[in-house]
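Reader: Could you take me through the pockets of this model, with a close look at what lines them? I would enjoy one connected account.

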Amino acid sequence: MSIQYFEDRKLFILSCRSVSYAFYIDRNRRAVHLHFGGKVIGETGLVEQEIRKGHSSFSPWAPGEKPEDSVDALPLEFSGFNSGDFRIHSAAVLTENGSLITDALYVSHRIFQGKEPLPGLPAAFASRTGNVETLEVTMRDTACDVEFLLRYSVFEECDVIVRSAAVRNRTASPVVIRRLMSAQLDLPHTAFDFVQLSGSWSRERHAVRTILHPGIQTIRSVRGSSGHQNSPALALCAHDATEYSGDVYGALLAYSGNFRMEVECEQYGTSRLCLGINPETFSWTLAPGETFETPEAFLTFSAEGFSGMSRNFHDFLRNHLIRGGWAEKKRPLLVNSWEAAYFDFDSEKLLGIAKSAAALGIEMLVLDDGWFGVRNDDTTSLGDWFVNREKIGDLGELVRKINALGLKFGLWFEPEMISEKSELYRKHPDWVLHEPGRRRSIGREQMVLDLSRPEVVQYLFDTIAGVLRSANIEYVKWDMNRNLTEVYSAALPPERQGEVAHRYMLGVYRLHEMLLEAFPNLLIEGCSGGGGRFDAGMLGYVPQIWCSDDTDAMERIRIQLGTSLFYPVSAMGAHVSVCPNHITGRSTPFATRGNIALSGTFGYELDLTKLSPEDRLLVREQVADYHKYHDLIANGDLHRLSDAFSVNAFDAWMYVSKDRKEALITAVCRFAEPNAGVRFVRPRGLDPETVYEVDGMRISGATLMALGLRMDLPPGDGASRLCYLKAL
Ligand code: GLA
């Protein structure tokens, strides 16, 4: 049993493999947080040592309660607004009389096996692996019949607690939700570093670590998508936490729109984390009888540094979020036409690339942007998902020819967008997010469709499904190349305009759901100008996301290592492209580009017909490596052997299979060092007792982890090697 309830103390203990979470319902019916961290045994010592300080004159208390009951100083599972808790809070609901006072108390709870899905939103699921139990606590506002549901699903074997919240309007009038966070977590001190994945287009998800300071530290988006700038992922760690030691709390939000994750270091020396839909761009009118659900928050704790947090999240996302078995399934090794041809292609050119691909053992051709409408540059045709026959003839025929070469076929779409120069815009100018009478901003020459409108979602489904049915298309790259502005829907009344940003996201999720229902075997890759929407929300629908438009291998080390803090390698789109790199102008050895792209979904993003004979040989080796190491990389444990937070002269990371029978080390030297000494890497995660064969030697796991493995690299900047360890 992973959820225990002790009636005498009204105490809940949620237990995972090595993590516990505890709170209780106090004498005033508040849900008081007691513990989240290492595993506790027994029910004593928690309530007895709750954080409840004595009287403090500026901390108010409710009538009938005692000064030490002030909600301003209690660690709480849920905080309302304008009723004594002045910290960042869970919820604020506007009621009919204009009051934004929210204050809710415990009413009841239920515990059940498994976990329910979340209609319309991405949601973790119980699977064959491991036990999952759920606790649902119902709270009610002290003045009206508005109920709050707090949900906790315990994914025991991954050390992950999934939280979400809901509001139910049981009053006779509409109420307006101004803020409803997915989770609130009070931690007992403030001695944390704040870890985030930040950056910009082409340098997404760099790991950044700063000291938590008094006040509120926030990452957020108001871009309509999670954005390149901050992924909805955050860790709080001990100041001395390292890759392998120290306490680390991890939090992910399964949401791809405007989000907010914030931590407040408050006056009495505790920290409060709140995460959820960004209230800056949100309000929601809830009619009597209706319920509103938040996205899910995934929380984990590791006392073994960042590596433990990453392993928990990787296992959890692979086993309980990514659907269709795709997390462990081998994805087709592909070549994508974008950097190979951009908009300049015809069926002959594509068939040429396909022939070269087939000869090299590549398994799929993905036709990127430029195949529809009259799109020969980025100024037209988004929304007109009709094949440009002048360019590629009959799509069905092209795909048959490609299939005949032994290749699968994939196609690029940008469903959420519309070009001003398009049939669709001529027909439906009001389908664009815009405020009538105000200018419509353009980004990359395009505007954003109003996916809060069901008819727009239906149109997109019908046209995309039509294309998918017209040919044997087994993969879709779903792109999204600008941020949302003038977020206003011509279809909603004035008082509901605060719902548009969230309704847009619900429309995106709905379209994904419809496509997956109609095409259950379809593999969809998420993309947003590279990794502009790389989050646990998208991973609820797509097993992989294009990591970055930046395919420069040296840049990718930082991007992929940062991403790996939270997200599994099997979710990271990574390809080999040409040099000098189209974005950085940097040149890196072909072998290294392959070694780094192997730490991802693997593929090529170049014109295979133009490869030199030497590079063709290397492609064959890389294809063989992909097949040899796929399972290990996609399903094994990742160990970062170098610092993910900085640009290093030398980087290494490794994968160890779950049974510890094999491992793979990737080592890269960014800058060659003249007259250098001998370098070792220290493997991790091996079985000490097992003898491994590596580099022609037979060495025990213990010796390898104690002494290290001598790592001689070829000369030159950007040199790298893969090093395979096999148990004897
Ligand atoms: C975005 C994607 C690229 C490519 C282009 C096509 O930038 O990230 O991979 O698909 O769009 O326009």
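Author: Happy to! For sorting a lining by class, Ala, Val, Leu, Ile, Met, Phe, Trp, Tyr, Cys and Pro count as nonpolar, Asp, Glu, Lys and Arg as charged, and the others, Gly among them, as polar. On that scheme, the lining of the largest pocket has eight nonpolar, 11 polar and 10 charged residues. The model is a predicted one, in which local features need pLDDT of at least 70 and side-chain atom pairs count only at pLDDT 80 or more, while totals for chains, interfaces and linings use all residues. Residues are numbered from 1 along each chain as its sequence is written, and side-chain values use heavy atoms, with hydrogens and water left out.

A pocket here is an open set of points on a 1 Å grid over the protein atoms alone, where a 1.4 Å probe fits, with protein on both sides within 12 Å along at least five of seven lines; lining residues have an atom within 4 Å of a point. Its volume is the space filled by probe spheres set on the points, which are joined across faces, edges and corners.

The largest pocket has a volume of about 460 Å³. Its lining is made up of 29 residues, and Trp201, Asn481, Gly529, Gly530 and Asp549 lie nearest the centre.

The second largest pocket holds about 350 Å³ of space. Here 20 residues form the lining, with Gly120, Trp284, His502, Arg503 and Leu506 the closest to the centre. By class, this lining divides into nine nonpolar, six polar and five charged residues. Helices (H or I, at least four residues) and strands (E, at least two) are DSSP runs, numbered from the N terminus. At least two lining residues of the second largest pocket come from each of strand S18 (284-286), strand S19 (291-293), helix H7 (454-470) and helix H8 (500-518). H8 gives the largest share, five residues.

Buried means under 20% relative accessible area, exposed over 50% and partly exposed in between, with a 1.4 Å probe and protein chains only. Arg260 is buried because its relative accessible area is 17%, and Glu262 also counts as buried because its relative accessibility is 2%.
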